[in-house]
Amino acid sequence: MSDQVQTAPQPLIPEVSPQQIADRVWVLPDERINLVPNIGVVVGENAALVVDTGMGRRNGERLLERVRELTDKPLLLTLTHFHPEHGWGAQAFHGVATIVYNEIQRAELEEKFGSFVELFSSFGPEIAELLADVELVRPHVVYADAAELDLGGVTVQLRYHGPAHTRGDQLVVLPNEGVLFAGDLVENRFFPILPDEDAHGSRWIDLLERMRALEPETVVPGHGEVGDAGLIDEVHTYLGHVRGRVGEMAAAGTSLDDAKTQLEPEIRRRYATWDNEIWIGFAIENFYRESNA
């Protein structure tokens with residue numbers, strides 16, 4: 001046995017061909033690599049929009065090269081939410097793209113940037129290396145609840161509906177192409193993440209219902225394979241199930257620790273094909289707080 005410490009590979013955007021999901025719309029797929037998101041590129045006649053960046057300057061530069069293989073149009077950049085693996089490659093786009101966030105997303109980024117650098121760097125030396133030279137990148141344009149981008153022949157709607165996975169979750173909607181970039185509000189066979197007290201399970205369920213009403217033909221999840229609106233239904237069913245079971249146990253006077261002890265293996269069996277089971281307990285905690293609010 002080697003005495004050398006084995007470190008995990010860095011979460012880098014994979015070298016795979018872009019997946020075209022609609023006319024003028026591509027996804028750089030995550031290939032189910034931990035801490036790598038699905039990234040969108042929408043190319044209009046006058047400009048192109050990039051959705052999410054990967055984590056750290058190295059990923060941002062890697063992404064910019066990939067984007068320039070698809071288009072030489074002027075660039076805009078937006079993020080589904082502020083988390084490091086989704087938006088902290090933005091510094092590679094500084095001076096290259098017009099960056100658009102919603103107001104709450106910007107505020108959450110500014111408030112939590114330092115603590116999330118520290119948190120994610122603690123996940124391992126390979127993550128710490130990616131974040132060693134990361135910079136906080138503020139947007140050029142912010143909006144309150146809704147914005148519309150005209151890329152030339154392609155219209156993109158940006159929508160904010162309140163806290164769910166984070167305080168500033170943003171929907172990126174292409175109504176004419178039937179495409180929805182959902183960020184981590186939808187993941188394909190990964191357990192949804194309710195990471196802290198700013199996440200809100202019941203509002204997340206409500207937002208999923210709004211998303212379903214959009215009737216998207218193609219849904220790009222934050223992580224996992226691109227799919228259809230059935231991905232929204234799967235997350236809705238999961239969160240509804242956890243809320244229901246936690247509500248029953250809280251009403252019966254079961255402590256949080258006992259509820260987690262009973263429910264975590266039960267939910268793991270029910271969703272045996274899903275990854276990142278660590279997040280089951282966080283969902284239980286979130287709905288337990290709601291039940292006792």
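Which residues of the largest nonpolar core touch the most other members? In this predicted model, local features need pLDDT of at least 70 and side-chain atom pairs count only at pLDDT 80 or more, while totals for chains, interfaces and linings use all residues. Residues are numbered from 1 along each chain as its sequence is written, and side-chain values use heavy atoms, with hydrogens and water left out.

A nonpolar core is a set of buried Ala, Val, Leu, Ile, Met, Phe, Trp, Tyr and Cys residues joined through side-chain atoms within 4.5 Å. Buried here means under 20% relative accessible area, found with a 1.4 Å probe on protein chains only. The largest such core has 37 residues, and Val186, Met211, Tyr238, Leu239 and Ile267 touch the most other members. At least two residues come from each of β10 (170-174), β11 (179-183), α5 (201-213), α6 (230-251), α7 (256-270) and α8 (279-291). These labels follow DSSP runs numbered from the N terminus: helices are H or I with at least four residues, and strands are E with at least two. Helix α6 gives the most to this core, with nine residues. Apart from this core lies another, of 35 residues, with Leu28, Ala92, Ile127 and Leu130 among them.

Leaving aside neighbours within four places in sequence, Met211 is in contact with Leu171, Leu180, Ala182, Leu185, Val186, Pro216 and Ile232, where contact means heavy atoms within 4.5 Å.

Aromatic rings come next. A pair of aromatic rings is described by the distance of the centres and the angle of the planes. Rings of Phe, Tyr and Trp (its six-membered ring) pair if their centres lie within 6.5 Å; planes under 30 degrees apart count as stacked, over 60 as edge-to-face and the rest as tilted. The whole structure holds 11 aromatic pairs. In one of them, the ring centres of Tyr238 and Trp274 are 5.4 Å apart and the planes stand at 45°, so the pair is tilted. Because Tyr238 lies in helix α6 and Trp274 in the loop between α7 and α8, the pair ties together parts that are 36 residues apart in sequence. Tyr238 is buried, with a relative accessible area of 0%, and Trp274 is buried as well, at 7%. Elsewhere, ring pairs link Phe82, Phe116, Phe120 and Phe123 into a cluster.

Technical notes. Buried means under 20% relative accessible area, exposed over 50%, partly exposed in between (1.4 Å probe, protein chains only).
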